[in-house]
Amino acid sequence: MTYAPEIRARLEADAKEIISRYPKPRSALLPLLHLVQSEDGYVSDDGQEFCAELLGISKAEVVGVSTFYTMFRRKPAGEFHVGVCINSLCAIMGGDQIWDELTEHLGTDEATPDGKVSLERIECNAACDFAPVMLVNWEFFDNQTPTSAKQLVDDLRDGKAVSPTRGPARLCTFKEASRVLAGMPDGLAGEGPSAVGPSLEGLKVARKNGWEAPK
Amino acid sequence: MTTLTPVLTKNWDTQGSFTLDGYGGDYAAARKAVGMDPDAIIQAVKDSGLRGRGGAGFPTGMKWGFIPQNDGKPHYLVVNADESEPGTCKDIPLMMANPHSLVEGVIITAYAIRANYAFIYIRGEVLHVIRRVMAAVREAYDKGFIGSGIFGSGYDLEVVVHTGAGAYICGEETALLDSLEGYRGQPRLKPPFPAIAGLYAAPTVINNVESIASVPSIVANGADWFAGMGTEKSKGFGIFSLSGHVTRPGQYEAPLGITLREVLDMAGGVRAGHQLKFWTPGGSSTPIFTAEHLDVPLDFEAVGAAGSMLGTRALQIFDETTCVVRAVLRWTEFYAHESCGKCTPCREGTFWLKQVLKRMEAGQGTEDDIATITDIGDNILGKSFCAFGDGAVSPIHSSVKYFRDEYLKHFEIGGCPFDPAKSTVWGVA
Ligand SMILES: Cc1cc2nc3c(=O)[nH]c(=O)nc-3n(C[C@H](O)[C@H](O)[C@H](O)COP(=O)(O)O)c2cc1C
Ligand code: SF4
Ligand code: FES
């Protein structure tokens, strides 16, 4: 099976635009694989064939690359792809308990049958000062507890609106997120705070004490 | 007493700090730089004493100086925004709240090294940060700060925001280059160094986000201003990221040489009712410290002399409720998962470390296993193809050095002597 002509045409237009940004076409491979995920929710066979064709490389080469990177999925992600940080710091601060309770609550450690939620144990996501940390479609959900984590996935499955702690007002889908990762902006950069909570602790101390860098 | 010196973090508490207006900016430093002799900029950065903020602390100006001139080849600037070292969490909030400091730094750096192309390689798992950086680059293009003939000069610059796809090793600079060229992210043999043969085999400078974002302040305020902060060989300011069992974890921007005791004081100390047990000065790849290191000046020299590395100033704090074997096992699982597989000592060694440590943590080990993990560590350390291998061994060697008894305790009682519930945020005694 290959892409229907209208899908193919749309993807090809995007892909060509992405490729044109780079001095050498092959540099666009990772963005193109994100683009494929924005269509299929994973790096499908068709999608990898498509990348190979556009870049003039073999499909084996594409597969060799896509299998190296954990964000490229071999199975479709849920509409909401949920990550729980289980690297040492988050795990110890409660991430392990969150993972255990969440997977028990959902009855799976992979994906719910309704296709809404997929789960992943993720590594340190550069948000340790907000531990324990979760991500949904790569948006931050900081300072989680087992209760808040279960509520979050319930809300996602019920189609209720949820907002990341540091991100846009509305959480986008996995496919929408993948399109941004491919390099196609969605116009949401202006939403959400500049910085919150821990990001501002040092600055608060400096302000309170009147500390500044030398003039 | 050391006081905080907000420069990069200074506008984070203002609304819209991530926009050009919020940056307060017309990119005055970049505008000034583009009117200067590129070599004078390199000299200023050399004079400032700025050293790489990505972990290794290589002098930034010297790195720029290695780029051959008038070689007729294109030059490239690549910003390392892969931030994935466990514990490290400074570049992400910086790009979220103040991406224009990075973009302005990119312009100055690219101009100084005579590059007409710059790439910002951001790890893929930080969607909103990627939006913010793409938007900042767009704004700069719209203003004519990037593009052709910027600031009315004859200088052209293209900036591309590129997203990774989940691979810690792509933070290693040569693996990053392979990844950016569209390959598996595996390190390259050095030499040749990227300054000679980097991206597309052309001269390339790779710098960390915070290094580059510091450059506009140096151009604006002068090398002496920057060198006036910090210690003798570790100049300037840096963001210290405090996480774990502390009252107010967060980002504290201070001169290099501040101590953990001072940072902890500002942060309200270790969480109430608990004591410091162990900590990392610069991420999981830097050997752990204990309470005896509270007064070590956090600069490259002093931390090194005390047996660890300043790394990325990722201060992960663990109190007495934490099982050190559990922390080390989890980091080791991380290294085993992220090993790129190119060289045998690291690929096989991290795998076996993980297996043996699992048994040890479950209380089924023996004293011989301590010798075994130390031995495997010795076969990785200094014998691997890239610095990943050395990093993977840091938690092993340092934990055995400081907490041998805790390993033994596991074997003695046939299990873990700690209750993991007590270490959680909600499990405060
Ligand atoms: C396994 C490994 C991971 C690394 N990850 C990063 C990273 O995420 N960000 C970074 O700036 N440097 C990272 N580095 C260091 C880079 O190789 C390189 O030294 C640095 O980007 C140079 O920039 P600087 O001189 O401005 O610090 C890593 C190194 C290794 C060995
Ligand atoms: S040390 Fe590890 S990460 Fe580095 S090249 Fe060898 S296998 Fe790859
Ligand atoms: S350890 Fe979880 S974000 Fe760093």
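How much space lies in the second largest pocket? The answer is about 850 Å³. Keep in mind as you explore that this is a predicted model. Chain A and chain B bury about 6500 Å² between them, and the lining of the second largest pocket takes residues from both, such as A:Thr70 and B:His337.

**The second largest pocket**

- The lining of this pocket is made of 32 residues.
- If you want to find its centre, look for A:Thr70, A:Arg73, A:Glu120, A:Arg121 and B:His337, the lining residues that lie nearest to it.
- Two elements each supply at least two residues of the lining: strand 2 (117–122) of chain A and helix 12 (324–338) of chain B.
- Strand 2 of chain A gives the most, with 4 residues.
- Sorted by class, the lining has 15 nonpolar, 11 charged and 6 polar residues.

- Three residues, A:Phe68, A:Ile92 and A:Ser194, supply 11% of the area that chain A buries against chain B, more than any other three residues.
- The contact involves 79 residues of chain A and 87 residues of chain B.

**Links across the interface**

- There are 6 salt bridges between chain A and chain B.
- The side chains of B:Arg131 and A:Asp186 form a salt bridge, at 3.0 Å from N to O.
- On the side of chain A that touches chain B, the elements giving two or more residues include helix 2 (29–40), helix 4 (59–66) and helix 5 (88–106) of chain A.
- Helix 5 of chain A gives the most to that side, with 9 residues.
- By class, that side of chain A has 44 nonpolar, 20 polar and 15 charged residues.

**Backbone details to look for**

- In chain A, a cis peptide bond joins A:Ala131 and A:Pro132, with omega about -5°.
- A:Pro132 sits in the loop between strand 2 and strand 3 (134–136) of chain A.
- A:Ala126 lies in the loop between strand 2 and strand 3 of chain A, and has a positive phi of about 60° although it is not a glycine.
- In chain B, the peptide bond from B:Lys190 to B:Pro191 is cis, with omega near -10°.
- B:Pro191 is in the loop between helix 7 (173–180) and strand 4 (204–208) of chain B.

How values were computed: Residues are numbered from 1 along each chain as its sequence is written. Chains are lettered from A and ligands numbered from 1 in the order in which they are written. This is a predicted model: local features need pLDDT of at least 70, side-chain atom pairs count only at pLDDT 80 or more; totals for chains, interfaces and linings use all residues. Side-chain values use heavy atoms; hydrogens and water are left out. On a 1 Å grid over the protein atoms alone, a cavity is a set of points where a 1.4 Å probe fits but cannot get out, and a pocket is an open set with protein on both sides within 12 Å along at least five of seven lines; lining residues have an atom within 4 Å of a point. Grid points are joined across faces, edges and corners, and a volume is the space filled by probe spheres set on the points. Ala, Val, Leu, Ile, Met, Phe, Trp, Tyr, Cys and Pro count as nonpolar, Asp, Glu, Lys and Arg as charged, and the others, Gly among them, as polar. Contact means heavy atoms within 4.5 Å. Buried area is the accessible area (1.4 Å probe) that two parts lose on being put together, summed over both. A salt bridge is a side-chain nitrogen of Lys or Arg within 4 Å of a carboxyl oxygen of Asp or Glu.
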